[in-house]
Amino acid sequence: MALKDQLQADLKTAMKDKDKVKKSTITMIRAAVLQVEKDQKVELEDDQILEIIAKQLKQRRDGLAEFEKAQRDDLIQQAREEITIIEGYLPTQLTVDEIKVIVAETIKETGAVDAKDMGKIMSALMPKVKGRADGKLVNQVVRESLA
């Protein structure tokens, strides 16, 4: 089943189950997808939709950090629920150890030796981990590997 169809089916289920958090989360994802489709006048494929979902996840994680700083327990709980829902649509995320292995392989492939080669490494690395790892985490692992 295509990801768009899955989102639509899950939205219907959430509405029937009166699950407000799931309904609003899926609605926000679908709205982001529709916005990109309208702006670019294209029909998005599943991999492009996954990119949008990953952005939504990043936004929720960033928001969660802000809610925790402000000690807003109500918003913290909602953000965590939304994060759990969004993660259900993404491929299984790589662990730090798995990322380190991929980084080491990529550094060998590119022949990088120091931080000056960071751009070369990242451009070769990101397609390998696309949708399966947060870019900020990957960047951090690369910096640690080059240090």
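Helices in this document are DSSP runs of H or I with at least four residues, numbered from the N terminus. The model examined here is predicted.

**Exercise 1. Describe the overall make-up of the chain: how many helices and strands does the secondary structure contain, and what share of the residues is buried?**

*Solution.* Begin with the secondary structure, which comes to seven helices and zero strands. Along the sequence the pattern therefore reads α-α-α-α-α-α-α under the DSSP assignment. Next, consider the extent of the chain: along the principal axes, its C-alpha atoms fill a box of roughly 55 × 40 × 25 Å. Finally, take the contacts between residues at least 6 apart in sequence: 58% of them join residues at least 24 apart.

**Exercise 2. Determine which residues of helix α6 are buried and which are exposed, and explain why the buried ones line one face.**

*Solution.* First, locate the helix. Helix α6 covers residues 118-129, twelve in number, and reaches 16 Å from its first C-alpha to its last, close to the 16 Å expected at 1.5 Å a residue. Second, list the buried positions: Met118, Ile121, Met122, Leu125 and Val129. Viewed down the axis of α6, these buried residues fall within an arc of 90 degrees, so they line one face of the helix. The spacing follows a general rule: an α-helix has 3.6 residues a turn, so residues three or four places apart point the same way. Third, turn to the other side of α6, where Gly119, Ser123 and Pro127 are exposed. Last, inspect what follows the helix: Gly131 comes after α6 and has a positive phi, near 80 degrees.

**Exercise 3. Characterise the largest pocket: what is its volume, and which helix supplies the largest share of its lining?**

*Solution.* The volume comes first: the largest pocket holds about 570 Å³ of space. Its lining consists of 22 residues, and the closest to the centre are Ala54, Gly131, Ala133, Asp134 and Gly135. Two helices, α3 (46-70) and α7 (135-146), each supply at least two lining residues. The largest share, nine residues, comes from α3. Sorted by class, the lining has nine nonpolar, three polar and ten charged residues.

**Exercise 4. Place Gln6 in the chain: what is its relative accessible area, and how far is it from Tyr89 in sequence and in space?**

*Solution.* Gln6 lies in helix α1 (residues 3-16). Its relative accessible area is 28%, and Gln6 is partly exposed. Gln6 and Tyr89 are 83 residues apart in sequence, while their C-alpha atoms are 9.0 Å apart in space.

Notes. Residues are numbered from 1 along each chain as its sequence is written. This is a predicted model: local features need pLDDT of at least 70, side-chain atom pairs count only at pLDDT 80 or more; totals for chains, interfaces and linings use all residues. Side-chain values use heavy atoms; hydrogens and water are left out. On a 1 Å grid over the protein atoms alone, a cavity is a set of points where a 1.4 Å probe fits but cannot get out, and a pocket is an open set with protein on both sides within 12 Å along at least five of seven lines; lining residues have an atom within 4 Å of a point. Grid points are joined across faces, edges and corners, and a volume is the space filled by probe spheres set on the points. Ala, Val, Leu, Ile, Met, Phe, Trp, Tyr, Cys and Pro count as nonpolar, Asp, Glu, Lys and Arg as charged, and the others, Gly among them, as polar. The expected span of a helix is 1.5 Å times one less than its number of residues. Buried means under 20% relative accessible area, exposed over 50%, partly exposed in between (1.4 Å probe, protein chains only). The arc is that of the directions from the helix axis to the C-beta atoms. Contact means heavy atoms within 4.5 Å.
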